There are 2 protein chains.
Amino acid sequence: MRVNTRFTVAIHILVLVALNDAHPATSEMMAESVGSHPVVIRQVMSLLKKAGLVETKNGLPGGRLSKPQEEITLCDIYQAVKNSEESVIFDVHQNPNPKCPVGCNIVSALDAPILHAQDAMENALKDYTLKDITTYIVEKYSQQNK
Amino acid sequence: MRVNTRFTVAIHILVLVALNDAHPATSEMMAESVGSHPVVIRQVMSLLKKAGLVETKNGLPGGRLSKPQEEITLCDIYQAVKNSEESVIFDVHQNPNPKCPVGCNIVSALDAPILHAQDAMENALKDYTLKDITTYIVEKYSQQNK
DNA sequence: AATGCCTGTAACTATTATAATTACACCTTT
DNA sequence: AAAGGTGTAATTATAATAGTTACAGGCATT
């Protein structure tokens with residue numbers, strides 16, 4: 001698997017939880033759907049839980065959404081799984097020369113633009129809710145089985 | 001140094017080129033300002049050259065901008081240094097289970113939102129030009145030396 | 001209350017992207 | 001021709017992150 005997939009894995013998990021019809025899926029079953037490892041599922045689930053998007057009970061398989069699907073945006077999910085390292089899309093190079101007029105000011109010069117880009121990205125993610133994703137998947141699937 | 005810093009290194013280089021006052025900087029000098037290795041500078045420079053943002057002559061130190069600073073947006077720079085891998089902010093998990101209704105459709109379900117977020121980010125980068133960055137740096141530096 | 005199945009999480013390993021570096025052919029100026 | 005630079009391929013080192021192991025603890029069924 002590639003890097004940085006926690007975000008899409010989180011969406012995948014939430015779709016499974018949302019569509020879960022009374023058959024609580026274990027982390028092992030979810031891992032099979034996602035194509036990953038049960039512990040990865042539990043780790044991501046833990047982040048989603050901390051963010052208040054999902055509720056689980058220790059020892060019991062599955063979980064359920066804390067809010068209606070329509071109220072969970074992809075931005076909420078993104079913020080749930082991002083860590084502080086990733087909190088900004090771009091990393092600024094670490095060791096610019098403080099003795100150079102450019103080197104000593106490049107980092108602060110880039111603050112605003114990078115934040116602006118980050119905000120724009122997160123706002124764009126607010127245009128989609130979990131409901132949009134589940135709806136797409138359910139419709140696509142029913143077409144495929146027509 | 002951290003990952004993914006090509007973008008900010010590229011900006012740093014272009015600022016040096018833009019502010020370069022008749023003293024062509026070698027890749028070694030630039031590397032000292034950036035806090036990196038001369039070859040990294042040449043590699044990034046090569047990408048900027050391919051993107052038509054900068055002109056250099058083999059064998060000769062330094063280079064010069066192909067366009068006025070006002071016409072080079074941070075988006076232009078971003079697109080110059082991104083590779084196809086990074087062309088999308090988020091990687092989708094690679095092995096969703098094709099036998100699962102969710103697994104077989106999650107990737108295409110995420111296409112639109114991810115592209116939307118990517119576009120929003122790139123558009124936000126268009127709000128800043130190289131001129132904005134150099135102006136900020138020059139002003140900040142002159143304040144510091146008042 | 002005991003067993004079995006599950007979660008939660010810490011800790012470790014493997015993988016992989018990317019920065020750093022080495023090496024060298026080729027260009028330019030003196 | 002010599003010195004000093006670029007361009008780029010190839011290799012190594014580093015670090016982020018996915019995968020995995022291990023295990024303590026919760027819950028339900030018996």
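In helix α1 of chain B, the residues B:Arg6, B:Val9, B:Ala10, B:Ile13 and B:Leu14 meet B:Val40, B:Ile41, B:Val44, B:Met45 and B:Leu48 of α3(B), a contact being a pair of C-beta atoms, placed from the backbone, within 7 Å. The model is predicted, so local features need pLDDT of at least 70 and side-chain atom pairs count only at pLDDT 80 or more, while totals for chains, interfaces and linings use all residues. Residues are numbered from 1 along each chain as its sequence is written, and chains are lettered from A in the order in which they are written. Helices are DSSP runs (H or I, at least four residues), numbered from the N terminus.

The contact of α1(B) with α3(B) holds 9 nonpolar, no polar and 1 charged residues; here Ala, Val, Leu, Ile, Met, Phe, Trp, Tyr, Cys and Pro count as nonpolar, Asp, Glu, Lys and Arg as charged, and the others, Gly among them, as polar. The axes of α1(B) and α3(B) (residues 38-50) lie 10 Å apart at an angle of about 85°, which makes the two helices roughly perpendicular (65 to 115 degrees). Axes are lines fitted to C-alpha atoms over the stretch in contact, with angles from 0 to 180 degrees between N-to-C directions.

Helix α4(B) is largely enclosed by the rest of the structure, because 6 of its 8 residues are buried, that is, with 20 or more other C-beta atoms within 10 Å of their own. Among the buried residues are B:Asp76 and B:Tyr78. The buried set packs against α5 of chain A and against α1, α3 and α5 of chain B.

Beyond four places in sequence, A:Ala10 touches A:Val44, A:Leu48, A:Ile77, A:Ala80 and A:Val81.

Between the chains, the contact takes 51 residues from chain A and 51 residues from chain B. On the chain A side, α5(A) gives the largest share, 11 residues. That side divides into 31 nonpolar, 15 polar and 5 charged residues.

Technical notes: Two residues are in contact if their C-beta atoms, placed from the backbone, lie within 7 Å. Angles under 35 degrees count as roughly parallel, over 145 as roughly antiparallel, 65 to 115 as roughly perpendicular and the rest as oblique. A residue is buried if 20 or more other C-beta atoms lie within 10 Å of its own, exposed if 12 or fewer, and partly exposed in between; C-beta atoms are placed from the backbone.
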